[in-house]
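Welcome! Take a moment to look over the model below, and then we will walk through some of its features together.

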Amino acid sequence: MKSIFKPKLFSVLKGYNAQAFQKDLFAGIIVGIVALPLAIAFAVASGVSPEKGLITAIVAGFLISLLGGSRVQIGGPTGAFIVIVYGIVNQYGIDGLMISTFLAGIILIIFGSLRLGAVLKFIPHPLIVGFTSGIALVIFSTQIKGAFGLQIEEIPSEFIEKWICYFTNLSSINIYALAISGGTVLLTLFAGKVIPKIPGSFIAIIAMTALVQIFDMPVNTIESVYGSIPNSFSFEVPSIDWSNLPNYFQPAITIAILGAIESLLSAVVSDGMIGGNHRSNTELIAQGIANIFSPIFGGIPATGAIARTATNVKNGGRTPVAGIIHACTLLLIMLVFGKWAKLIPMSCLAGILIVVSYNMSEWRSFRSILKSSRFDIIVLLTTFFLTVLVDLTVAIEIGIVLAALIFMYRMSKINGVFQPEFESDEIQNYNQIPKEIEIYEISGPFFFAAAKRYQETLRNLKRSTSVLIIRMRHVPFIDATGIRNFTEIIKDLEKRKTKVILSGVNPDVLKEIKRSEIIDFISQKDIHDNFEDALAKAQLYLKN
């Protein structure tokens with residue numbers, strides 16, 4: 001376990017100073033304020049009481065920062081879990097949720113112990129966008145009642161029936177609730193631009209709660225639906241029906257897989273922002289420990305939160321200390337100001353979650369993949385519609401199997417054996433090439449299982465490189481994950497002032513590149529049929 005479990009905190013504390021602490025302190029407080037409305041909103045949308053979201057952000061957030069493998073990861077409840085938690089609570093109750101979360105924690109620890117962190121990075125990008133966009137649409141659909149103040153006793157769980165129910169009850173719209181939710185959306189989106197250091201969602205909660213109290217608006221509040229919010233922790237042990245234990249494994253596996261994907265995705269995104277490298281297996285083990293302790297203290301499932309992690313980085317957080325301070329900030333708010341949180345209008349929380357669902361929707365990536373190959377589109381739409389209309393667990397399972405089957409089909413269409421052909425006048429001795437020019441060759445399909453490895457290899461390019469020639473003569477196809485990772489590589493190299501030239505791109509791959517964002521960063525003039533022309537262009541760039 002020693003080589004697998006290496007928390008980043010203990011590595012970065014060497015040489016830690018007052019200046020670094022000051023930055024982490026500021027970032028941690030800001031992220032704590034950002035997390036407050038989100039933690040409450042995620043809990044309410046999941047069908048549990050508001051304090052469970054706060055407890056999760058405090059307990060899990062603290063443990064993920066203390067024991068995790070990322071420098072800047074912020075953990076807590078996330079929108080991705082809303083659909084799963086709501087379904088578990090409806091079917092098995094709070095005890096069932098606690099048991100499923102506890103089991104998910106054990107599964108995550110097993111994932112990390114078996115060094116599966118690298119394996120989980122092979123999940124295709126269209127699949128991730130498909131279920132993430134699907135979750136966003138489901139979250140949006142669950143907030144219509146609160147946003148419009150509709151008087152509906154029981155809402156169907158099925159997506160289509162839910163919308164039919166909304167349309168048949170439009171006559172019961174509460175104009176005050178609609179105004180509160182609309183105002184919340186506007187403040188959440190735009191208030192931060194006027195007051196950059198204070199999150200828009202926090203401003204919205206303060207402003208809308210004050211308006212409701214001052215003008216005594218007839219809208220539902222947390223207190224009218226859930227009662228007061230406790231400002232203390234309690235140690236909880238679920239009542240276990242051993243005959244039902246097998247039923248908890250499927251939701252537990254879904255929580256574990258989704259938590260692993262979300263946390264590692266967040267860690268990868270934050271690595272790109274700070275130029276760091278996370279420890280994926282350590283991160284999985286920390287996520288597991290957090291999900292074991294969260295339900296014991298009355299919390300719900302937790303994972304790495306991409307938006308809060310990005311907020312942490314943008315405000316100067318550079319070590320796990322910022323994440324620990326974020327948890328302490330939330331604890332202080334809960335103990336001192338928790339009694340006032342009961343006054344928050346439900347329509348205000350609905351407005352916040354509508355913004356969250358929009359940010360989760362990844363509509364730009366969705367649109368981009370729709371321009372990609374038909375195989376990526378099939379995976380994307382299948383996963384999306386299964387998430388919305390059937391079940392997230394089914395969507396992930398079928399999506400992974402479908403992606404694997406499509407890959408096998410595409411590989412079967414490629415000639416298995418070939419003899420490399422060299423151009424007669426091609427320079428084979430790379431030692432004759434100026435040291436400012438680097439040459440890399442990608443051989444084989446640029447697809448989801450290999451894209452991450454190619455990305456990591458190219459990111460290790462030496463800083464002195466002025467021009468990079470990427471030879472792609474043996475790349476038969478590129479999928480949406482390859483396009484996404486390749487785009488990130490190109491953006492990375494552009495920031496380092498390294499010019500990129502492509503050589504030997506076959507027509508099918510070139511067609512995918514032209515459809516993508518890559519063409520915005522690499523000029524058509526820097527894509528060549530042969531290596532000799534690419535090298536001549538590279539040498540021309542050096543002279544200029």
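Is Arg 484 buried, partly exposed or exposed? With a relative accessible area of 28%, Arg 484 is partly exposed, because that value lies between the cut-offs of 20% for buried and 50% for exposed. Keep in mind as you read that this is a predicted model.

## Around Arg 484

You will find Arg 484 in helix H20, which covers residues 480-495. Setting aside residues up to four places away in sequence, Arg 484 touches His 125 and Leu 265.

The largest nonpolar core has 88 residues. Within this core, the residues that touch the most other members are Ile 40, Phe 131, Ile 344 and Leu 349. Apart from it lies another core of 27 residues, which includes Phe 446, Val 475, Ile 483 and Leu 502.

Let us return to Phe 131. If we leave aside neighbours within four places in sequence, Phe 131 is in contact with Leu 258, Ile 261, Glu 262, Thr 383, Thr 387, Leu 392 and Ile 396.

## Helix H5 and helix H18

How do we describe a pair of packed helices? Helix H5 spans residues 125-142 and helix H18 spans residues 392-412. Their axes come within 10 Å and cross at roughly 165°. H5 and H18 are therefore roughly antiparallel to each other, since an angle over 145 degrees counts that way.

The crossing of H5 past H18 is right-handed. On the H5 side, Leu 127, Phe 131 and Ile 135 take part, and they meet Leu 392, Ile 396, Gly 399 and Ile 400 in H18. Sorted by class, this contact of H5 with H18 has six nonpolar residues, one polar and no charged ones.

## Helix H5 and helix H7

Now look at H5 beside helix H7, which is made of residues 159-168. The axes of H5 and H7 come within 10 Å and cross at roughly 30°. These two helices are therefore roughly parallel to each other, because angles under 35 degrees count as roughly parallel.

H5 passes H7 in a left-handed crossing. Here Leu 137, Phe 140, Ser 141 and Thr 142 in H5 meet Phe 159, Lys 162, Trp 163 and Tyr 166 in H7. The residues of this contact of H5 with H7 divide into five nonpolar, two polar and one charged.

## Helix H5 and helix H16

H5 also packs with helix H16, residues 363-370, at an angle of about 130° and with their axes 10 Å apart. H5 and H16 are therefore oblique to each other, and H5 passes H16 in a left-handed crossing.

From H5 the contact uses His 125, Pro 126, Val 129 and Ser 133, while H16 contributes Ser 365, Phe 366 and Ile 369. By class, the contact of H5 with H16 has four nonpolar residues, three polar and no charged.

## A loop residue: Phe 233

Where is Phe 233 found? It is in the loop between helix H10 (222-226) and helix H11 (249-274). At 30% relative accessibility, Phe 233 counts as partly exposed.

Not counting residues up to four places away in sequence, Phe 233 touches Ile 55, Ile 58, Val 59, Phe 297 and Leu 331. Between the C-alpha atoms of Phe 233 and Ser 46, which are 187 residues apart along the chain, the separation is 20 Å.

Methods. Residues numbered from 1 in each chain as written. Predicted model: local features only at pLDDT ≥ 70, side-chain atom pairs only at ≥ 80, totals over all residues. Heavy atoms only, no water. Core = buried A, V, L, I, M, F, W, Y, C linked by side-chain atoms within 4.5 Å. Buried < 20%, exposed > 50% of the residue type's maximum accessible area, 1.4 Å probe, protein only. Contact = heavy atoms within 4.5 Å. Axes fitted to C-alpha atoms, helices over the stretch in contact; angles between N-to-C directions. Helix = DSSP H or I, 4+ residues; strand = E, 2+ residues; numbered from the N terminus. Parallel < 35°, antiparallel > 145°, perpendicular 65-115°, else oblique. Left-handed = near helix turned anticlockwise from the far one by under 90°. Nonpolar A, V, L, I, M, F, W, Y, C, P; charged D, E, K, R; others polar.
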